[in-house]
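Open the model in your viewer and keep the selection tool at hand.

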Amino acid sequence: MSSTQAPPAAKSRTVVWTFLASSFALFMASLDNLVVTTAIPSIRDDLDAGISELEWTVNGYTLSFAVLLMLGAALGDRFGRRRVFAAGIGVFTFASALAALAPNTDMLIAARAIQGAGAAAILPLSLTILTRAVAPEKRPMALGLWGGINGLAVALGPLVGGAIVEGGSWQWIFWINVPIGLVLIPLIFRKVEESHGPGGRLDLIGTVLVSLGMLGVVFGLVRGEGHGWTSATVLGPIAAGVLFLAAFIAHERRTPQPMLPMTMFRNRAFAALTVSGLLMFAGVFGSIFLLTQYFQGVQGYSALGAGLRILPWTAMPVLIAPLAGPLAGRIGGRPLVILGLALSAAGLAWFAVTASPDVTYAEQIPALILSGVGMSLYFIPTASLLMASVRTEQQGVASGANNAMRELGGVLGVAVLASVFSSQGGFVSPQAFVDGLVPALWVGVALAGVGSLTAALIPRRSADRIRTSSGEPGAGTDVDNRKVPVAA
């Protein structure tokens, strides 16, 4: 019996199990974006790591995550979304154990890269699987919850990381993934329905080109401060990376089955969402990489103490999601995304203005609240906006491309802001740290602010699609995976 012929009670149970499985997997993968940041001081002390090695501990994950996201979505469309989704969780779980056992930074960075490869199958397919399982009239609520869970996982990373490091050791931030993965894999095969997308040839050439391109650019940025920005070992990788990215764009324009159709960027809603997401992640997550170290290294808090004091930021998705989800259904997600990015920029600006070795915690609370509200308003409506902006057969590619650009933004943000930090300050004293932190935060403010202006380019009619996405003509998608035209 197909899902469309199943009794309502059975169909309802399938939707609930699908939501739980996709949400737990999404939470686990998204949490690892930031759970490591609070543990960075402990990793630095335990493994005697320098700033570039610490950057790669974060970027090793996000880089492989970003460049393989679109391939993960394509593998799911071809070989079965449930099957590839479960395989991604298996890879992620195995790599988590490797990271926990890593005796040095080289092994840790390699394990983090494998983790990112597994997560690249988890994130886009969790959205596609959930979208297909939920009836059209309930999709705005389900996708709003999906976005809220994604945002909550990312925001809770510093708190969870701090609590684990305080209660045990940094290795446990990875061990905790293992039992979750072992429970999720059989659950997915038992409770989640299999589905396929349009078949086709995998774009392996495109995957290799974009991977080499991003690796070259990030490698050069990370080495810039230590080796000099005019050094051949810095300019060479960046130039090679740019050439590979240019070759990737040229290849995607020529190949009959591209991993990222360049024509999708003619869709103004998709293009604005994608670029604003890249800028948001660059500004916010590059800043968080430094702020979590600031709370510990300058203000003297323990890992758990730092995580608890960031709680006004991390708790906001829990408070905002129940309000923002229905609000997006009434007024559309566009205003919320614009406001969310603007508030994120304002929060980072407050941090930059008040940062000093002896600033009180009370002076930083407004910055934490502004940043938390901004992150919540951004995350919650973006999934619905994205799914409404493309045709059904493009959803897997759109999800992979959008999330890939976000993660690439995070990679570039960490690399750029850490380079600014290193050029202006360092770890030798609290004042030296602040001297590097403040200009880096202003770069983060600029990136998030430009992201807000970019989000304003999302057509207003995209908001109308979300409000009418109840199966009516032009609503965007339907549960049977049939093509429903949506004007770009």
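Start by selecting Tyr 294, Phe 295, Tyr 301, Phe 421 and Phe 433: together they make up one aromatic cluster. This is a predicted model, where local features need pLDDT of at least 70, side-chain atom pairs count only at pLDDT 80 or more, and totals for chains, interfaces and linings use all residues. Residues are numbered from 1 along each chain as its sequence is written, and side-chain values use heavy atoms, with hydrogens and water left out.

Ten aromatic pairs occur in the structure (ring centres of Phe, Tyr or Trp, the last by its six-membered ring, within 6.5 Å; planes under 30 degrees apart are stacked, over 60 edge-to-face, the rest tilted).

Next, select Phe 281 and Phe 285. Their ring centres are 4.5 Å apart with planes at 50°, so this pair is tilted. Both sit in helix H11 (residues 268-297), four residues apart, about one turn of the helix (helices are DSSP runs of H or I, at least four residues, numbered from the N terminus). Both Phe 281 and Phe 285 are buried (under 20% relative accessible area, 1.4 Å probe, protein chains only).

Go back to Tyr 294 and Phe 295. Their ring centres lie 5.9 Å apart and their planes at 65°, so the pair is edge-to-face. Both are buried.

Now the core. The largest nonpolar core has 128 residues, and Met 280, Tyr 294 and Trp 313 have the most contacts inside it (a core is a set of buried Ala, Val, Leu, Ile, Met, Phe, Trp, Tyr and Cys joined through side-chain atoms within 4.5 Å). H11 gives the most to this core, 14 residues.

Key. Helices (H or I, at least four residues) and strands (E, at least two) are DSSP runs, numbered from the N terminus. Buried means under 20% relative accessible area, exposed over 50%, partly exposed in between (1.4 Å probe, protein chains only).
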